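Thanks for coming. I have a few minutes on one structure, and I will start by putting it on the screen.

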Amino acid sequence: MTSTMDLGGVVVATTLAFREDDAAPAGLAVDYDRFAEHVDFLMRNGCRGVGPNGSLGEYSSLTDEERRRVIQVAVDAVDGRGIVVAGAHGVGSHQARTWAEHAREDGADGVLLLPPTLYRANEAEVIAHYEEVAKAGLPIMAYNNPFDTKVDLVPSLVAKLAEIPEVVAIKEFSGDVRRVYEIKEQCDIDVIAGADDVLFELMVNGAVGWFAGYPNAFPKEAVELYDLCAAGEWHEAKALYEQLVAVFRWDSRTEFVQAIKLSMDICGDSYGGPTRPPRGPLSAEQRAQVTADTERALAALAAR
């Protein structure tokens with residue numbers, strides 16, 4: 001398979017619905033039907049694709065069987081209308097390569113890949129990790145999340161990863177909008193906006209796609225915002241972004257999964273619901289703030 005992916009557009013790091021089931025882990029079973037409905041909802045609203053089994057999809061709280069089936073359900077639900085970029089994160093390259101191979105077998109178009117997740121790898125180890133997973137034969141979007149992995153894929157390291165033919169993109173979540181220029185100066189790789197609350201700034205600087213969380217709740221508006229940016233309609237894009245950025249900030253906070261699921265429930269078009277441990281419920285104060293931020297965004301959008 002040629003290592004390319006058309007990443008222009010909004011690829012949604014999908015949430016995962018659970019339903020109560022005393023026999024399931026933590027009393028919560030994956031609700032595959034609701035997940036499929038959500039994926040279909042995103043595709044009908046113009047999204048480029050979905051990214052299941054990311055941190056927003058609570059992959060680290062899933063059994064191996066659940067994790068694989070999530071990808072299969074996503075591929076079926078997308079039904080050729082876009083792309084599926086499967087999370088293949090693992091403690092080591094042998095686990096991550098296995099997940100990438102499963103993703104290939106199950107019809108995914110590419111994988112999203114963190115450095116080793118529980119070990120602070122050095123530069124040589126990071127490169128070896130990506131080289132090994134590349135053997136699965138799918139295009140790879142590297143994922144820079146220095147907050148969770150404690151490994152920062154700085155531009156000079158991204159340039160080395162870009163020498164691996166399968167590594168075609170970098171999801172940039174550091175929050176440093178200067179990175180786009182630095183990466184583009186050092187290598188030819190697609191830079192993808194990975195944090196919702198710097199989306200506009202990253203797009204201005206040359207990011208070519210958006211792979212993040214709040215489009216779960218606001219897919220139609222997210223697609224409009226991306227399209228305005230891609231067309232260089234910066235004033236119109238900024239006006240829309242300003243209505244959404246307060247709620248988008250939750251995408252960069254510790255409780256982002258719970259916040260985005262709550263926003264989905266408030267918006268009412270798709271089901272958010274509970275999270276599995278270690279993620280617990282929002283505090284009363286957090287719940288009130290997410291609710292206020294979401295309702296403020298909805299009111300501003302309704303008044304347009």
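This is a predicted model: local features need pLDDT of at least 70, side-chain atom pairs count only at pLDDT 80 or more; totals for chains, interfaces and linings use all residues.

Let me begin with the pockets. The largest pocket holds about 660 Å³ of space. Its lining is made of 35 residues, and those nearest the centre are Ser55, Asn145, Asp148, Phe256 and Arg279. Which elements supply at least two residues each to that lining? They are helix 5, at 146–149, strand 10, at 209–212, and helix 11, at 256–267. Helix 5 contributes the most, with three residues. By class, the lining of the largest pocket has 15 nonpolar, 13 polar and seven charged residues.

The second largest pocket has a volume of about 200 Å³. Here helix 11 comes up again, giving the largest share of the lining, four residues. The lining includes Gln258, Lys261, Leu262 and Asp265. Also among the lining residues are Gly273, Pro274, Thr275 and Arg287. Sorted by class, the lining of this second pocket comes to four nonpolar, four polar and three charged residues.

With a threshold of 30 Å³ or more, the count is one cavity. The volume of the largest cavity is about 50 Å³. Helix 2 (64–78), strand 5 (83–87) and helix 3 (93–105) are the elements that give two or more residues to its lining. Residues lining the largest cavity include Arg67, Arg68, Trp99 and His102. Four of the lining residues are nonpolar, three are polar and three are charged.

Next, the core. As general background, nonpolar side chains in soluble globular proteins tend to be buried together. In this model the largest nonpolar core has 111 residues. The members that touch the most other members are Tyr130, Leu153, Leu161, Trp210, Tyr214, Phe218 and Leu225. Take Leu153 as an example. Setting aside residues up to four places away in sequence, Leu153 touches Pro115, Val126, Tyr130, Ala142, Tyr143, Asn144, Val158, Leu161, Ile170 and Arg179.

Ser174 sits in the loop between strand 8 (167–172) and helix 7 (179–186). Is Ser174 buried or exposed? Its relative accessibility is 15%, and the cut-off for buried is under 20%, so Ser174 counts as buried. What does its side chain reach? There is a polar contact with the side chain of Glu172, at 2.2 Å. The side chain of Ser174 also reaches the backbone nitrogen of Asp176, at 3.1 Å. Apart from neighbours within four places in sequence, Ser174 is in contact with Asn144, Pro146, Phe147 and Arg179.

The other one is Pro215, in the loop between strand 10 and helix 9, which spans 219–230. Pro215 has a relative accessible area of 0%, so it is buried. Which residues does Pro215 touch, not counting those up to four places away in sequence? They are Val10, Val12, Leu42, Asp196, Trp210 and Ala222. Trp210 was also on the list of core members that touch the most others. Lastly, Pro215 and Met264 are 49 residues apart along the chain, and their C-alpha atoms are separated by 9.5 Å.

That is the end of my part.

Technical notes. Residues are numbered from 1 along each chain as its sequence is written. Side-chain values use heavy atoms; hydrogens and water are left out. On a 1 Å grid over the protein atoms alone, a cavity is a set of points where a 1.4 Å probe fits but cannot get out, and a pocket is an open set with protein on both sides within 12 Å along at least five of seven lines; lining residues have an atom within 4 Å of a point. Grid points are joined across faces, edges and corners, and a volume is the space filled by probe spheres set on the points. Ala, Val, Leu, Ile, Met, Phe, Trp, Tyr, Cys and Pro count as nonpolar, Asp, Glu, Lys and Arg as charged, and the others, Gly among them, as polar. A nonpolar core is a set of buried Ala, Val, Leu, Ile, Met, Phe, Trp, Tyr and Cys residues joined through side-chain atoms within 4.5 Å. Buried means under 20% relative accessible area, exposed over 50%, partly exposed in between (1.4 Å probe, protein chains only). Contact means heavy atoms within 4.5 Å. A polar contact is a pair of N or O atoms within 3.5 Å; within protein, one must be able to donate a hydrogen and the other to accept it, and residues adjacent in sequence count only if both atoms are side-chain atoms.
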